[in-house]
Amino acid sequence: MQAENILLEILDEAGMPLPVGQLGRVVITTLHNFAMPLIRYELGDYAARGEACPCGRGLPVLERIVGRRRNMLRLPDGSQHWPSFPEARWSEIGTIEQVQVVQAALDRVVLRVVVAQPLSAQEGEQLRQAFADMLCFPHAIVVEEVAAIPRQANAKFEDFVSELD
């Protein structure tokens with residue numbers, strides 16, 4: 001972390017600092033932005049602080065950054081996690097060019113897929129099953145073939161989007 005320029009905190013949901021290795025909310029305070037200071041600005045990211053760097057420099061270290069709150073999959077039982085769906089698990093099914101997973105409700109996920117040719121019923125079922133396994137999602141997974149998947153306003157492509165709250 002660039003501790004010379006920012007104060008970066010890893011906090012629990014109650015706003016208390018977390019120890020090394022525990023995952024929490026990232027909150028920053030800028031130290032040199034006098035025109036428009038950011039004081040305890042919450043980014044929406046989750047990360048964990050790491051042990052001190054073995055190089056001896058002494059700056060704080062982030063052990064891992066796991067993602068943003070808006071990219072969390074929420075399950076009906078209240079649990080939540082950041083989903084991962086490696087291309088190797090679905091790329092051999094049909095002629096899929098791009099996939100975006102959208103959580104439309106607590107019990108419903110939509111797989112938006114761009115395909116070179118329509119998926120067969122068997123390919124659609126294989127795709128649903130592959131994503132059910134990767135997402136640990138126990139309810140409805142709907143495959144929706146689309147012509148294109150638009151990028152966000154910032155021109156980034158998000159492979160998982162939650163439409164919840």
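**Close-up views of a predicted model**

Strand β3 (residues 41–49) pairs with β4 in the antiparallel sense over five bridges. Strands (E, at least two residues) and helices (H or I, at least four residues) are DSSP runs, numbered from the N terminus, and two strands pair if DSSP finds at least two bridges between them. This is a predicted model, in which local features need pLDDT of at least 70 and side-chain atom pairs count only at pLDDT 80 or more, while totals for chains, interfaces and linings use all residues. Residues are numbered from 1 along each chain as its sequence is written, and side-chain values use heavy atoms, with hydrogens and water left out.

**View A. The antiparallel sheet containing β3 and β4.** Four strands form an open sheet in the order β1-β2-β3-β4, with antiparallel pairing. The edges are β1 (6–11) and β4 (62–68), each with a single partner strand, so one side of each has no neighbour in the sheet. From one strand to the next, the twist averages 40 degrees; angles run from 0 to 180 degrees between N-to-C directions, and axes are lines fitted to C-alpha atoms, for helices over the stretch in contact.

**View B. The mixed sheet.** A further open sheet of four strands runs in the order β9-β8-β7-β10, with mixed pairing. Here β9 (140–145) and β10 (160–162) are the edge strands, each with a single partner strand, so one side of each is left without a neighbour in the sheet. The average twist between one strand and the next is 20 degrees.

**View C. Strand β8 and its two partners.** On one side, β7 and β8 pair in the antiparallel sense over eight bridges, and they form a hairpin with two residues between them. The bridge partner of Q103 in β8 is V109. On the other pairing, β8 (residues 108–115) and β9 run in the parallel sense over six bridges. V109 stands opposite I141 in β9, and V110 stands opposite V142 in β9. The chain crosses from β8 through α1 to β9 in a right-handed β-α-β crossover (with the strands pointing away from the viewer, the path from the first strand over the helix to the second runs clockwise). Strand β8 is mostly covered, with six of its eight residues buried (under 20% relative accessible area, with exposed over 50% and partly exposed in between, for a 1.4 Å probe and protein chains only).

**View D. The aromatic pair F85 and F131.** Two aromatic pairs are counted (rings of Phe, Tyr and Trp, the last by its six-membered ring, with centres within 6.5 Å; planes under 30 degrees apart are stacked, over 60 edge-to-face and the rest tilted). The ring centres of F85 and F131 are 5.5 Å apart and their planes lie at 50 degrees, so this pair is tilted. F85 is in the loop between β6 (80–81) and β7 (96–105) and F131 is in helix α1 (residues 121–135), so the pair ties together parts that are 46 residues apart in sequence. F85 and F131 are both buried.

**View E. The whole chain for context.** The protein has one helix and 10 strands. Its C-alpha trace spans about 55 × 35 × 35 Å along the principal axes. Of the 165 residues, 33% count as buried.
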